[in-house]
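I opened my notebook to look up a few places in this structure. My entries follow in the order I made them.

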Amino acid sequence: MIRSLRPLLACVSVLGALVFFPSAAHAADTLGDALARLAPSADPKVIGLAVRAAECAQVQGGAPAERLAVIDYSKPSSEPRLWVFDTVNRKLLFQELVAHGKNSGDATATRFSNAPDSLASSLGLFRTSDTYTGKNGYSLRMTGLEPGVNDQAMARAIVIHGAAYVSEAMARVAGRIGRSWGCPAVRTAVAHKLIDALKGGQMVFSYYPDKRWLGSSQYLKCTGGQLAKAEARAGGQSGT
């Protein structure tokens, strides 16, 4: 199985993707295991799914990424449920509160949509795009990679941005933070740095235990054998 998305190591073309290999220091540890240890409040199974989805996207022809954001919408909005990882150096960069759409639920999100004007959050794997400054300040566009699940994200203007209603104080008083129109909004104090860490083709994985999505997502269907075979083929071509 691919263990890292590291761009500074030897790489070759496999199935149209660039496959990267870990250093000897990282070889004994899977990326999912390493990231889960960095975020003990996160569900390690969710971290593992996020890593698997990002690796699968790479094998299917996507460009490699150096950052991976994981959102676990099964957790209440009053708790940190967004983690941003540096997958090259295996570091936790951010652990944050994040809003869900007003039509996804109250304190906890339970409903998700890809439809325009639904005011709901979307699940699945996204790739970040460019930044801009709009009505919500500095914001980051995202492309949804999963047809029928989140591929309307760009048209719906589902972006990462800062919002005053995302605050620990509100979570303590109201038992939840404010809700967005579907965007994964974060605290204004951290928004700019977090967006800069994720801009330009990084990966965002939004999770909820939705059986239909979990059973149909093409990014969760790459088997360990497929990933291992791709890695072995690349290793033979590169001589590593």
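**Entry: second largest pocket.** I looked up the second largest pocket in this predicted model, and its volume is about 230 Å³. I counted 13 residues in its lining. Phe112, Leu123, Val149, Asp210 and Trp213 lie nearest the centre. By class, I noted five nonpolar, five polar and three charged residues.

**Entry: Phe112 and its ring partner.** Phe112 lines that pocket, so I checked its accessibility: Phe112 is partly exposed, at a relative accessible area of 22%. I then searched the whole structure for aromatic pairs and found four. In one of these, the ring centres of Phe112 and Tyr208 are 5.0 Å apart. Their planes meet at 45°, so I wrote the pair down as tilted. Is Tyr208 buried or exposed? Tyr208 is buried, because its relative accessible area is 18% and the cut-off for buried is under 20%. I also noted that ring pairs link Tyr73, Phe112 and Tyr208 into a cluster.

**Entry: His100.** Tyr73 came up again here, as one of the residues that His100 touches. I placed His100 in the loop between β5 (91-96) and β6 (124-134). Its relative accessible area is 0%, so His100 is buried. I looked for a polar partner of the His100 side chain. The backbone oxygen of Gly105 lies 3.2 Å from a polar atom of that side chain. Beyond four places in sequence, the residues His100 touches include Ser77, Arg81, Asp106, Thr108, Ser121, Arg179 and Ser180.

**Entry: Asn114.** I stayed in the loop between β5 and β6, where Asn114 also lies. Asn114 has 13% relative accessibility, so I logged Asn114 as buried. What does the side chain of Asn114 reach at 3.0 Å? The answer is the backbone nitrogen of Gln152. A polar contact of 2.8 Å also joins the side chains of Asn114 and Asp151. Val149 was already in my notes, from the lining of the second largest pocket.

**Entry: Met142.** I moved on to strand β7 (residues 137-144), which holds Met142. Met142 is buried, with a relative accessible area of 2%. I checked how far Met142 is from Gln152. The two are ten residues apart in sequence, and their C-alpha atoms are 9.9 Å apart in space. Not counting residues up to four places away, Met142 touches Phe126, Arg127, Thr128 and Ser129, among others. Its contacts also include Ala153, Met154, Ile158, Ile160, Pro184 and Val204.

**Entry: largest pocket.** I finished with the largest pocket, with a volume of about 350 Å³. Which residues lie nearest its centre? They are Lys135, Asn136, Ala157, Trp181 and Cys183, out of a lining of 19 residues. I traced the lining to secondary structure: β6 and β8 (159-161) each supply at least two residues. By class, I recorded nine nonpolar, seven polar and three charged residues.

Methods: Residues are numbered from 1 along each chain as its sequence is written. This is a predicted model: local features need pLDDT of at least 70, side-chain atom pairs count only at pLDDT 80 or more; totals for chains, interfaces and linings use all residues. Side-chain values use heavy atoms; hydrogens and water are left out. Helices (H or I, at least four residues) and strands (E, at least two) are DSSP runs, numbered from the N terminus. Buried means under 20% relative accessible area, exposed over 50%, partly exposed in between (1.4 Å probe, protein chains only). A polar contact is a pair of N or O atoms within 3.5 Å; within protein, one must be able to donate a hydrogen and the other to accept it, and residues adjacent in sequence count only if both atoms are side-chain atoms. Contact means heavy atoms within 4.5 Å. On a 1 Å grid over the protein atoms alone, a cavity is a set of points where a 1.4 Å probe fits but cannot get out, and a pocket is an open set with protein on both sides within 12 Å along at least five of seven lines; lining residues have an atom within 4 Å of a point. Grid points are joined across faces, edges and corners, and a volume is the space filled by probe spheres set on the points. Ala, Val, Leu, Ile, Met, Phe, Trp, Tyr, Cys and Pro count as nonpolar, Asp, Glu, Lys and Arg as charged, and the others, Gly among them, as polar. Rings of Phe, Tyr and Trp (its six-membered ring) pair if their centres lie within 6.5 Å; planes under 30 degrees apart count as stacked, over 60 as edge-to-face and the rest as tilted.
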